[in-house]
Amino acid sequence: MTANSPAIEGTTTQYISFLLSNGLRGMLPTSQLVETINLDLGNIVQIPDLPPVVVGVCGWRGEVLWLLDLAYALRSPPLLSGDYADAKCSVLRVNVNKQTFGIVVTEVQQLIRCDRQNISPELPPQIDPDVAPLVAGKFRQPSGEIILNINLEALLESIKQPA
């Protein structure tokens with residue numbers, strides 16, 4: 001390879017991992033992450049007549065931030081259900097297709113470097129086939145733990161479709 005040769009593009013991507021309800025873990029590319037936010041539940045304003053996956057809105061740095069419950073979208077128990085005991089939640093503020101919104105999660109976890117070739121398209125059995133488009137595959141950690149690679153573009157499209 002010479003100095004004028006094109007660089008070999010790597011297949012490693014950095015992801016942020018997070019915990020959803022029922023021990024379900026997810027990850028998304030940090031290229032979609034804007035920031036993480038710790039939010040008091042009292043700051044979330046629910047909006048009637050929206051799809052249940054939309055938790056509500058909150059004011060954030062002078063803007064209105066729409067908040068989505070990814071656990072609910074994946075057919076897991078809603079994160080902010082009646083037995084949710086914490087006064088705060090974690091929000092991943094993301095930007096997808098020039099749309100900024102928040103994903104409500106139980107806990108923001110760690111950064112993961114992952115070779116995209118190690119993401120299997122096979123879905124874990126606990127994922128309902130009806131929501132399979134929301135999962136772009138699974139990554140198995142060296143410990144054997146499975147992390148779902150979340151497809152936020154598909155999540156946005158699922159909200160736009162009539163129920």
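User: What does the side chain of glutamine 32 make a polar contact with?
Analyst: The partner is the side chain of glutamate 153, at 3.2 Å. A polar contact here is a pair of N or O atoms within 3.5 Å; within protein, one must be able to donate a hydrogen and the other to accept it, and residues adjacent in sequence count only if both atoms are side-chain atoms. This is a predicted model, where local features need pLDDT of at least 70, side-chain atom pairs count only at pLDDT 80 or more, and totals for chains, interfaces and linings use all residues. Residues are numbered from 1 along each chain as its sequence is written, and side-chain values use heavy atoms, with hydrogens and water left out.

User: Is glutamine 32 buried or exposed?
Analyst: Glutamine 32 counts as buried because its relative accessibility is 10%. Buried means under 20% relative accessible area, exposed over 50%, and partly exposed in between (1.4 Å probe, protein chains only).

User: Where does glutamine 32 lie, and what does it touch?
Analyst: Glutamine 32 is in the loop between strand 2 (25-29) and strand 3 (33-40). Leaving out residues up to four places away in sequence, glutamine 32 touches Arg93, Val94, Asn95, Val96, Leu152 and Glu153. Contact means heavy atoms within 4.5 Å.

User: Stepping back, how many helices and strands are in the protein chain?
Analyst: The protein chain has two helices and eleven strands. Both are DSSP runs numbered from the N terminus: helices are H or I with at least four residues, strands are E with at least two. Of the 163 residues, 42% are buried.

User: Which strands form the open sheet?
Analyst: Six strands form it, in the order 8-1-2-11-10-9, with mixed pairing. Strand 8 (107-115) and strand 9 (119-120) are the edge strands, each pairing on one side only. Two strands pair if DSSP finds at least two bridges between them.

User: How many bridges join strand 1 to strand 2?
Analyst: Five bridges join them, and strand 1 (residues 12-19) runs antiparallel to strand 2.

User: What else does the side chain of arginine 25 meet?
Analyst: Arginine 25 and glutamate 145 meet in a salt bridge through their side chains (2.5 Å, N to O). The two are 120 residues apart, with glutamate 145 in the loop between strand 10 (135-140) and strand 11 (146-150) and arginine 25 in strand 2. Arginine 25 counts as buried at 6% relative accessibility, whereas glutamate 145 is partly exposed at 33%.

User: How many salt bridges does the count come to?
Analyst: The count comes to eight, a salt bridge being a side-chain nitrogen of Lys or Arg within 4 Å of a carboxyl oxygen of Asp or Glu. Among them, aspartate 40 and lysine 88 meet at 3.2 Å, N to O. That pair has aspartate 40 in strand 3 and lysine 88 in strand 6 (residues 88-96), 48 residues apart. Glu35, Arg61 and Arg93 are linked in a network of salt bridges.
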